[in-house]
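Biologist: I would like a close look at a single part of this model, namely the places where one piece of it faces another. Please give each cut-off as you go.

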Number of protein chains: 6
Amino acid sequence: MRILVVNVNTTQSMTDSIGEQAAGAASPGTEIVPLTPPFGAESVEGNYESYLAAVAVMEAVRTHPDPFDAVIQAGYGEHGREGLQELLDVPVVDITEAAASTAQFLGRTYSVVTTLDRTVPLIEERLQAAGLGARCASVRASGLPVLELERDARAAVDAIAEQAARAVEEDRAEVICLGCGGMSGLAERVVERTGVPVVDGVTAAVTIAESLVRLGLTTSKVRTYASPRPKRILNWPPRAS
Amino acid sequence: MRILVVNVNTTQSMTDSIGEQAAGAASPGTEIVPLTPPFGAESVEGNYESYLAAVAVMEAVRTHPDPFDAVIQAGYGEHGREGLQELLDVPVVDITEAAASTAQFLGRTYSVVTTLDRTVPLIEERLQAAGLGARCASVRASGLPVLELERDARAAVDAIAEQAARAVEEDRAEVICLGCGGMSGLAERVVERTGVPVVDGVTAAVTIAESLVRLGLTTSKVRTYASPRPKRILNWPPRAS
Amino acid sequence: MRILVVNVNTTQSMTDSIGEQAAGAASPGTEIVPLTPPFGAESVEGNYESYLAAVAVMEAVRTHPDPFDAVIQAGYGEHGREGLQELLDVPVVDITEAAASTAQFLGRTYSVVTTLDRTVPLIEERLQAAGLGARCASVRASGLPVLELERDARAAVDAIAEQAARAVEEDRAEVICLGCGGMSGLAERVVERTGVPVVDGVTAAVTIAESLVRLGLTTSKVRTYASPRPKRILNWPPRAS
Amino acid sequence: MRILVVNVNTTQSMTDSIGEQAAGAASPGTEIVPLTPPFGAESVEGNYESYLAAVAVMEAVRTHPDPFDAVIQAGYGEHGREGLQELLDVPVVDITEAAASTAQFLGRTYSVVTTLDRTVPLIEERLQAAGLGARCASVRASGLPVLELERDARAAVDAIAEQAARAVEEDRAEVICLGCGGMSGLAERVVERTGVPVVDGVTAAVTIAESLVRLGLTTSKVRTYASPRPKRILNWPPRAS
Amino acid sequence: MRILVVNVNTTQSMTDSIGEQAAGAASPGTEIVPLTPPFGAESVEGNYESYLAAVAVMEAVRTHPDPFDAVIQAGYGEHGREGLQELLDVPVVDITEAAASTAQFLGRTYSVVTTLDRTVPLIEERLQAAGLGARCASVRASGLPVLELERDARAAVDAIAEQAARAVEEDRAEVICLGCGGMSGLAERVVERTGVPVVDGVTAAVTIAESLVRLGLTTSKVRTYASPRPKRILNWPPRAS
Amino acid sequence: MRILVVNVNTTQSMTDSIGEQAAGAASPGTEIVPLTPPFGAESVEGNYESYLAAVAVMEAVRTHPDPFDAVIQAGYGEHGREGLQELLDVPVVDITEAAASTAQFLGRTYSVVTTLDRTVPLIEERLQAAGLGARCASVRASGLPVLELERDARAAVDAIAEQAARAVEEDRAEVICLGCGGMSGLAERVVERTGVPVVDGVTAAVTIAESLVRLGLTTSKVRTYASPRPKRILNWPPRAS
């Protein structure tokens, strides 16, 4: 089975790190193919960049030369998953939803710890739209930009663990979701600090994508995610990109 | 005051029609500038096309050479409004939200009548995300594609009026919103058939945009719609488009 | 166009101030007619007084000798708007709803800052009933009674700005609504303190009423706001008042 | 113990009938005092009339010469209960809420069958505001005006039983609430037709009022229902009425 | 009239205390029959113990030798009420729901103060499932285990009153429900401390059960609480118990 | 890895069939251990039987002699999952939740088709309590009792497929969940009839349990599912069973 894992930003080192994280969780026989979108921001932290990423991820997937069995969109709180579902027959798994869905099996409530405060509303709305908001205790920001996670890993871990601990105590979260593709690998430290299960979206998404493929389940095509109707698309895709 | 009214699809005749509709509702002294996005589908009827439109509309607005006081995104149930709000300081008004917001002053509940069944979930989610879903009685589809509205106007009116009448009777709607930019102009016929007020999103949006400008109100920049942080955007915008 | 702006309390100086505020926001050609109800409390701060005001406002409007094009009910969180809508064909705009509806175009969430703590539940319920509660971050009280706003303006501004600032920081509001007819004029100071847009209900209501009239839209008469059925009303209106 | 049972309309024969119904459900030692409001509509069927009734009921209660232990507001879906709670220390029970609250102990869901279609939204909003809406399966109208209930009792019973049966079958109601003060006495017939428990608001309210008094419980005065602050009330109460 | 009041734990002294509390609230002519379940935990403080109690309470009731008119399940936030309703025709009243339902007649919002933190989610879910969650301001824990309430009554009162006071101030509760069968008798002290009405579930349940019996109302048998279908039940009830 | 799959009823042939279904979905290296509860109804179709099953399943699991890595509770809409989570450290997966959670990755909405009408409320409440209700389009009953599924398979398939088709068309479901342990194996026929993905709870639960084990995730023990406190449990477990 081959699963595309698509980064939402154009920083290759993050694609690599996400790919490794995914590969570590994959079953024997599953090939993980990490992809970087052909255009867009080096880190995605807001609506403008996220909409751009949505389209770039679709281009990356739509033009991928080899066959694949499932797609993982590896960005937290991002736009675009519904568009991928229209374009494809194979399952599409968003890591925000994968983490929340997994967390709900482990505790009555969960919180998400993400990077910047401005990302909080995007994650809240993604969870709400996905029907996964009822048991979300809170979405908290560590205050660290995405790229900072790579630059100063220790400070990042501390800031994230701090918010996770407050989510458990003040917001009554029983599970923590790490709210950023780039946070993969920090789980262990947050478990130590909080004593609750910590879910990483990328690895959760890999097991869900594998499960859907194994069960022979694909995206429903009756209404919301029906294939696009044939029509003229002007000036797209762009030549130069 | 100058207001950009941006079509979401690339069909110039629809831009023209939307522009005329908007101009008809504008106050003396308001200049309506209709824009067609630089790329994208000839009609937008689903998530893939809508995400593409979101980015194309942002490009059209971001690269517009002249100053302006407000922007209207003239597509029903489309993605992207939040991105425009990040990029701009001036008010941004989405016609889906403008219509619903206006309808709520006229009756206890409203229904939206749109084109295709597949557009229904997009509109429902846009209204929900905008906090305008509580008094939405239903979103109904006439079954006619967007471009059909131009080709056979009489059939379109009949199909739309039929669904509007059912919304009033079966779903207990007290106001009807015309759920498509291209439906401007049909209002009168639907009023005749149903006896309830009919709101057109484009004209409602013009009055709201004018009001915000007159009151000196602009988009809040504290969190969700803060300006994008400075960063490297790879391969964007595309050269050729 | 002539718009009645009806104060909910019987303090003439507040009617004057509301009338001035409204006139300042009106378009050229719009005549603002401020009205004081024929009976009721000098300030409305609770359910008993608000129900009394509801009926008094209806009497003021029902017996107004001249024709008019729209009515604004200038009280925050008050009862009665639905009754006016039954009695009239022209649009009726409540300032609580006008402010919230306007705020939703400017940010993802809004808070209301009002006078007394006891008024908070009335405003919350009015917003909920109007379908405008989903994006309300909080309703906060400054602790100052309505009439105090006139007596010690500086203290009033400080108390209100303080609560507005806390709403932005603690409740994550992105827009502030000034929750009292008598607060008109304080907006500027609250903007300075919080850095977010501040919406005044009276001026917002004027632009909305004008918009509805210009668009030719009137209250739906099919169910909730159908005209009262003809019947015997005993001992009403009262002779002496 | 003495309980005031206040009709919302000014039709004395309905006050009598409500009083009898209440007396039939009262415990030995409970005195039922039926009151007719001093002014208002002969039947209350909409917001204007209901707001008038709210104030008239408060006048009737406020000026009642003898002491009493509880008040029942005997109108379905009416405004005003919150005002009574401010004015009084003794418990106030609204029959709409009494019926729903009682029904919830008997089945998972309940429906209300009322008179006119225009009354439906008032009942829905009263239940919603009272926190009793979650298990309301539907509010249905028989199409008969209030006063018709007295004029042609057999037709009334049939129309009501018909809607009750549809509520059980189509809306999955498990209990029926009779949604009008004047429907007292029809319960038996509706039970026969539907096979589910039928709750009458007046009798339910009597047992609840008695229970609150017996338990020594009174209205909370900390915030929402605090007594009105002392202030000048202009031209009220009216002389002539 | 005879009412069974069933303790959920197997501590006889608590059954006695609950029985006395119930008897104190009963009308003349009502016989209160306190029951201890035949098996289960000495105190119920979590899901495992609560499910066990649910079944034990059903056994106690199902095998009770004498006729009875109503049943009260005297545990806070426990499972099982729906099962009793299936087994019986007479009314079944859960004290969690009785308290909340009563509290809603006294104030706009209520809070529950219970024993351990781990009980909070059970109470929240019971209220939610019962359709009584909308006006619940909070469920707070005093931190004291159930049996501690008997051992050190003064400390218990203090801890509970402290949380009640915080519920009123911080969570804006207007009424307090005592969230444990064993808390009966503490009401007076909590009233003194908070100044708001305090509802005890056992006494509230007694008046509700009496009211339902007096009104001739019984559990609806159409769907959710229909009697169990006849079938083979293996190895149940257990011989030895 | 060893996974216990616990039937909720005491019909051995259903345990066998569920075990086979589960084994068919398991990865190489996963051992499926089917269990029948030690007491309870031959088929579980209502609250009384479901509460009994909850306790019986806990006994079966608690007394299982061999170690295991996860538990699946193989009943649709049943009580008890929370109790198992308290008793165990390993993951517990309920098939109702497994199916819904899986369905949400495949379409915007899903419907459940179950056996008897009386089971519908149990499933609705389980989904609601689990935070999975927001995207549930409907729960529909085929009208066939559980044991009938085994006796007349063809009629069962037809009745279920009929309701599934109506869910897709009338309730706008985009995915179907088979709402009964005993329905395993019918998926293919329902796919043929409806054209939408069909999720079976047992196989979905197997992949989820495997995923949680592989990711090293276990139930959170901080609050809701903390282990029971040590205490005296009277007369339990029963000797004879």
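**Interfaces between chains and domains**

Modeller: Chain C and chain F do not touch, and their nearest C-alpha atoms are 16 Å apart; contact here means heavy atoms within 4.5 Å. This is a predicted model, in which local features need pLDDT of at least 70 and side-chain atom pairs count only at pLDDT 80 or more, while totals for chains, interfaces and linings use all residues. Residues are numbered from 1 along each chain as its sequence is written, chains are lettered from A and ligands numbered from 1 in the order in which they are written, and side-chain values use heavy atoms, with hydrogens and water left out. Chain A and chain D do not touch either, their nearest C-alpha atoms being 16 Å apart.

Chain A and chain B do meet: 49 residues of chain A are in contact with 48 residues of chain B. The size of an interface is often given as the accessible area lost when the parts come together. For chain A and chain B the buried area is about 4,300 Å², with carbon and sulfur atoms giving 56% of it (accessible area, 1.4 Å probe, that two parts lose on being put together, summed over both). On the chain A side, Tyr48(A), Tyr51(A) and Arg118(A) lose the most area to chain B, together 19% of what that side buries.

There are 10 salt bridges between chain A and chain B (a side-chain nitrogen of Lys or Arg within 4 Å of a carboxyl oxygen of Asp or Glu). One pair that meets in a salt bridge is Glu45(B) and Arg229(A), at 2.9 Å from N to O.

Two or more residues each on the side of chain A that touches chain B come from strand E3 (40-41), helix H2 (47-62), helix H3 (81-87), helix H5 (120-129) and strand E10 (233-234) of chain A. These elements are DSSP runs numbered from the N terminus, with at least four residues for helices (H or I) and at least two for strands (E). H2(A) gives the most to this side, with 10 residues. By class, the side of chain A that touches chain B has 21 nonpolar, 12 polar and 16 charged residues (Ala, Val, Leu, Ile, Met, Phe, Trp, Tyr, Cys and Pro count as nonpolar, Asp, Glu, Lys and Arg as charged, and the others, Gly among them, as polar).

Strands also join these two chains. E10(A) pairs with strand E3 (residues 40-41) of chain B in the antiparallel sense, over two bridges; strands pair if DSSP finds at least two bridges between them. In this pairing Leu234(A) stands opposite Gly40(B) in E3(B).

Chain B also meets chain C. This contact takes 48 residues from chain C and 49 residues from chain B, and the two bury about 3,700 Å² between them, 55% of it on carbon and sulfur atoms. Two salt bridges are found across the interface of chain C and chain B. Glu210(C) forms a salt bridge with Arg214(B), where the closest N and O atoms are 2.8 Å apart. Between chain C and chain B, 19 residue pairs are in polar contact, both at pLDDT 80 or more. On the side of chain C that touches chain B, the elements giving two or more residues are strand E5 (92-94), helix H4 (95-103), strand E9 (198-200) and helix H9 (201-214) of chain C. H9(C) supplies the largest share of that side, eight residues. The residues there divide into 25 nonpolar, 15 polar and eight charged.

Within chain A, the domain assignment (automatic or from a database) gives domain 1 (2-94 + 203-214) and domain 2 (96-201). Their contact takes 28 residues from domain 1 of chain A and 28 residues from domain 2 of chain A. About 2,200 Å² is buried between the two domains, and carbon and sulfur atoms give 53% of that. Two salt bridges are counted between domain 1 of chain A and domain 2 of chain A. Arg81(A) forms a salt bridge with Glu97(A), with the closest N and O atoms 2.8 Å apart.

Glu97(A) also meets Arg126(A) in a salt bridge, at 3.2 Å from N to O. Glu97(A) lies in helix H4 (residues 95-103) of chain A and Arg126(A) in helix H5 of chain A, so the pair ties together parts that are 29 residues apart in sequence.

How values were computed:
A polar contact is a pair of N or O atoms within 3.5 Å; within protein, one must be able to donate a hydrogen and the other to accept it, and residues adjacent in sequence count only if both atoms are side-chain atoms.
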